[in-house]
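Please read them beside the coordinates.

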Amino acid sequence: MSKWRDSIRIVRHLTAFRIWNILLLRVSFLSARIFSKPIHLGLPASMSIEPTTACNLGCPECPSGLKQFTRPTGKLDLNLHRKLLNQIEKSVFYINYYFQGEPFLHPEFLELIKDAKRSRIYTSTSTNGHFITPEKALEIVDSGLDRIIVSIDGLTQETYEQYRVHGKLSKVISASQNLVAAKRERNSHTPHLIFQFLAVKPNEHEIPQVFELASEMSIDEVRIKTAQLYDYKNGNPLMPENERYSRYKRQGDGTYKLKGKPW
Ligand code: SF4
C-alpha cells in the first residue's frame, strides 16, 4: 500500500509539459538506438543534486568516506540552487538529493527541499541516519520531503560497522523511530521511509531479519542493494557469497567479472 501511495505521488508531479518531455526523451532514446547516432529532442526530466560532499563516516568503497575526492569538497549554495530550479522546473519532476556525502551535514538542507517543493518537484534523499533527532524528524516531515532512504547495513553493531566505518547502529535505529513517530504526530504519509540494506559478506546472513525488523518498526519499504566494489577481479572481503546479492560473477579461473552488460 505504501509503495503504491509513493508511486502515485510521483505521478502527481507530472504536468502536461513534463509528460510531453518524457515522450520526447523516449523517442530520442529509441531513435538513437535505431540509427546508432546521438539524437536528443527533450530536456532533463530528473536530476541528482549533491547537497554536500562532506560525510561523518568512513565507508571503504566511497570517495567521501575515504576523503579521496578528485573534485572540490563543499556544500551547495542556496542561491545557486534556486537559480538552477528556475532553469529546470518546467521539465524536471524528480530530484534525488544525494550522491556522495551525507545530506544532513548541509546546515540548510531542508531549505533546498522546501525550494524544490515550491517548484512542484518530487524530492528524495538518502542518509546514514546519524543526525535525525526527534526535532529534526518533525522538520523533515514539515519540509514536504517525499522519500527518505535510511542506510541500515547490519543488525548488530559488529556487522554494521564492517561497512559503515565509524557509524553507530543505535543512531540509525533511533533516527528511523523518530521519523515514524514524526509522521504519526503530523498525520503524514511523507516522507516514504525506506530501509536500504547494502549486502556485503559480513551482513548477508542478516537479510531475512531486516524485513522482520522493518515490519516491527512500521518502515514503509525495504530495499536490498548490491555493493559496487572498486577492487573485485580477484575477489574482495566485502563480496557476498550468495551471488544473488553481488554485482560480480565468479568465472572458471577463480576471477570475477561484472554480471550482465550496461544497457
Ligand atoms: S555514509 Fe554514504 S557518503 Fe558517507 S562515507 Fe558512507 S557511503 Fe559515503
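At what angle do the axes of helix α4 and helix α5 cross, and within what distance do they come? Before the answer, two remarks on the basis of these notes. This is a predicted model, in which local features need pLDDT of at least 70 and side-chain atom pairs count only at pLDDT 80 or more, while totals for chains, interfaces and linings use all residues. Residues are numbered from 1 along each chain as its sequence is written, and side-chain values use heavy atoms, with hydrogens and water left out.

1. The axes of α4 (residues 78–88) and α5 (residues 109–118) cross at roughly 20 degrees and come within 10 Å, axes being lines fitted to C-alpha atoms, for helices over the stretch in contact, with angles from 0 to 180 degrees between N-to-C directions. That angle makes α4 roughly parallel to α5, since angles under 35 degrees count as roughly parallel, over 145 as roughly antiparallel, 65 to 115 as roughly perpendicular and the rest as oblique. Leu78, His81, Arg82 and Leu85 of α4 make the contact with Glu111, Leu112, Asp115 and Ala116 of α5, where contact means heavy atoms within 4.5 Å. The residues of this contact of α4 with α5 divide into 4 nonpolar, 1 polar and 3 charged (Ala, Val, Leu, Ile, Met, Phe, Trp, Tyr, Cys and Pro count as nonpolar, Asp, Glu, Lys and Arg as charged, and the others, Gly among them, as polar).

2. From α6, Pro134, Ala137, Leu138, Ile140, Val141 and Asp142 meet Asn178, Leu179, Ala182, Lys183, Glu185 and Arg186 in α8. The residues of the contact of α6 with α8 divide into 7 nonpolar, 1 polar and 4 charged.

3. The open sheet has 6 strands in the order β1-β2-β3-β4-β5-β6, with parallel pairing; two strands pair if DSSP finds at least two bridges between them. At the edges are β1 (46–48) and β6 (221–226), each of which pairs on one side only. From one strand to the next, the twist averages 20 degrees. Strand β3 (residues 122–127) and strand β4 (residues 147–151) run parallel and are joined by 4 bridges, and Thr127 has Val150 in β4 as its bridge partner. Helix α8 packs on the sheet, touching β4 and β5 (192–199), and its direction makes about 160 degrees with that of β5.

4. The loop between α8 and β5 deserves a look at the backbone. Most residues other than glycine have a negative phi, and most peptide bonds are trans. Asn187, which lies in this loop, has a positive phi of about 55 degrees although it is not a glycine. Pro191 is found in the loop between α8 and β5 too, and the peptide bond from Thr190 to Pro191 is cis, with omega near 0 degrees.

5. As for the whole chain, there are 9 helices and 8 strands, counted as DSSP runs numbered from the N terminus (helices H or I, at least four residues; strands E, at least two). The C-alpha atoms fill a box of roughly 55 × 50 × 40 Å, taken along the principal axes.
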